[in-house]
Amino acid sequence: MIAGLPLWDVVELALLLVGVGALSGFLAGVFGIGGGAILVPVLYECFRVAGVPLEVRMPLCIGTSLAIIIPTSIRSFQAHYKRGAVDMEILKVWWLPIVTGVVAGSVVARYAPERLFKIVFVCVAWSAAARLILARESWKLGSDLPRGPLMRVYGFCVGILSTLMGIGGGLFSNLLMTFYGRPIHQAVATSSALAVLISIPGALGYVYAGWPAAANYPAVAALQWPFALGFVSLIGAVLVMPMSLVTAPLGVKAAHAMSKRTLETAFGCYLFIVGSRFVVSLLSGP
């Protein structure tokens with residue numbers, strides 16, 4: 001027995017997390033999305049098996065996902081930056097609103113209904129997926145990204161929504177940039193940098209928010225040091241991170257090897273699948 005679980009169950013969970021790490025790292029490189037949309041549901045199942053109470057299971061998933069996204073997104077950003085694909089001007093405008101949104105998201109997460117954010121996410125993801133898959137170039141919010149207060153509002157929204165869902169921010173920033181006519185390769189590359197801005201303060205916020213959890217649930221080994229730090233599972237992060245770091249640069253190479261149309265279609269299909277997961281969650285309940 002390890003942490004109250006049979007040895008074979010522990011081995012199965014470990015292998016699952018390693019495999020998910022490889023997949024999330026690759027997707028982080030291809031789409032600039034951090035990989036959180038893959039990590040959160042798998043972590044949720046792993047923590048369920050590990051006996052983590054429902055009341056703290058989702059925060060533990062999101063906090064762990066954000067922590068894992070830190071090195072993965074840095075690795076992905078470095079690879080995209082070397083290819084000159086990152087729009088640094090957007091980073092200069094968005095970094096402060098995004099960090100502010102991350103802080104606000106840590107507070108709002110305690111009070112806002114989870115269903116609201118899932119519904120918003122599904123609407124945005126599916127509309128963008130339809131545009132990308134059907135190649136509807138006329139579905140645009142404008143010919144280029146706006147300047148001034150609206151751009152900062154967008155940055156704040158990217159930060160707050162990403163923190164609440166533990167997905168690194170790449171999905172939302174990617175959608176905004178493509179809806180304003182930016183090339184998909186540039187959107188993917190810039191989104192990988194934004195994931196760094198979101199994941200670091202986001203993970204620290206969940207460490208702080210989950211600090212009392214260990215004392216409140218002393219019988220749950222998965223919440224105790226050295227297995228966890230606040231709402232960040234250290235054992236989960238250690239198992240997922242290595243493979244994600246290996247596969248992130250491979251995803252970057254794959255993204256730049258694809259044509260604009262192929263990458264748009266692939267990203268559209270990914271958005272549809274992720275949106276469908278949230279629909280199932282909404283229909284099935286908690």
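**Close-up views of a predicted model**

**Figure 1. Overall architecture of the chain.** The chain comprises 11 helices and two strands. The model shown is predicted. Read from the N terminus, the elements follow the order α-α-α-α-α-α-α-α-α-β-β-α-α. The chain has 286 residues, of which 51% count as buried. Among contacts with a separation of 6 or more, 79% are between residues 24 or more positions apart.

**Figure 2. A salt bridge between Arg182 and Asp87.** The structure holds two salt bridges. In the one shown here, the side chains of Arg182 and Asp87 meet at 2.6 Å, N to O.

Figure 3. Lys92 forms a salt bridge with Glu89, and the closest N and O atoms are 3.5 Å apart. Both Lys92 and Glu89 lie in helix H4, where they are three residues apart, about one turn of the helix. Lys92 counts as exposed, at 56% relative accessibility.

**Figure 4. The aromatic pair of Phe77 and Tyr81.** The count of aromatic pairs comes to three. In the pair shown, the ring centres of Phe77 and Tyr81 are 5.7 Å apart and the ring planes stand at 40 degrees, so the pair is tilted. Phe77 and Tyr81 are both located in helix H3 (residues 54-82), four residues apart, which is about one turn of the helix. Phe77 is partly exposed, its relative accessible area being 21%. Tyr81 also counts as partly exposed, at 48% relative accessibility.

**Figure 5. A nonpolar patch on the surface.** Trp126, Ile133, Leu134, Phe272 and Ile273 form this patch, and together they have about 460 Å² of accessible area. Helix H5 (114-134) and helix H11 (260-284) are the elements that give two or more residues to the patch. The largest share, three residues, comes from H5. Trp126 lies in helix H5. The relative accessible area of Trp126 is 32%, and this residue is thus partly exposed.

Figure 6. Ser244 is located in helix H10 (residues 234-257). With a relative accessible area of 0%, Ser244 is buried. When neighbours within four places in sequence are left aside, Ser244 is in contact with Gly21, Ala22, Ser24, Gly25 and Thr72.

Figure 7. Helix H6 (residues 149-165) contains Arg152. This residue is partly exposed, at a relative accessible area of 45%. Apart from neighbours within four places in sequence, Arg152 is in contact with Val93 and Pro97. The C-alpha atoms of Arg152 and Ile98 are separated by 8.2 Å, although these residues are 54 residues apart along the chain.

Figure 8. The peptide bond from Trp225 to Pro226 is cis, and its omega is near 10 degrees. Pro226 is found in the loop between helix H9 (213-216) and strand E1 (228-229).

**Figure 9. Cysteine residues of the chain.** In general, a disulfide is a covalent bond between the sulfur atoms of two cysteines. The structure holds zero disulfides. Cys46 is in no disulfide, and the nearest cysteine sulfur, that of Cys61, lies 8.6 Å away. Cys46 counts as buried, at 4% relative accessibility, whereas Cys269 is partly exposed, with a relative accessible area of 36%.

Key. Residues numbered from 1 in each chain as written. Predicted model: local features only at pLDDT ≥ 70, side-chain atom pairs only at ≥ 80, totals over all residues. Heavy atoms only, no water. Buried < 20%, exposed > 50% of the residue type's maximum accessible area, 1.4 Å probe, protein only. Contact = heavy atoms within 4.5 Å. Patch = residues over 30% accessible without salt bridge, like charges linked within 9 Å, V, L, I, M, F, W, Y side chains within 5 Å. Areas by Shrake-Rupley, 256 points an atom, 1.4 Å probe, with all protein chains shown as cover. Salt bridge = Lys/Arg side-chain N within 4 Å of Asp/Glu carboxyl O. Disulfide = S-S within 2.5 Å. Phe/Tyr/Trp six-rings, centres within 6.5 Å; stacked < 30°, edge-to-face > 60°.
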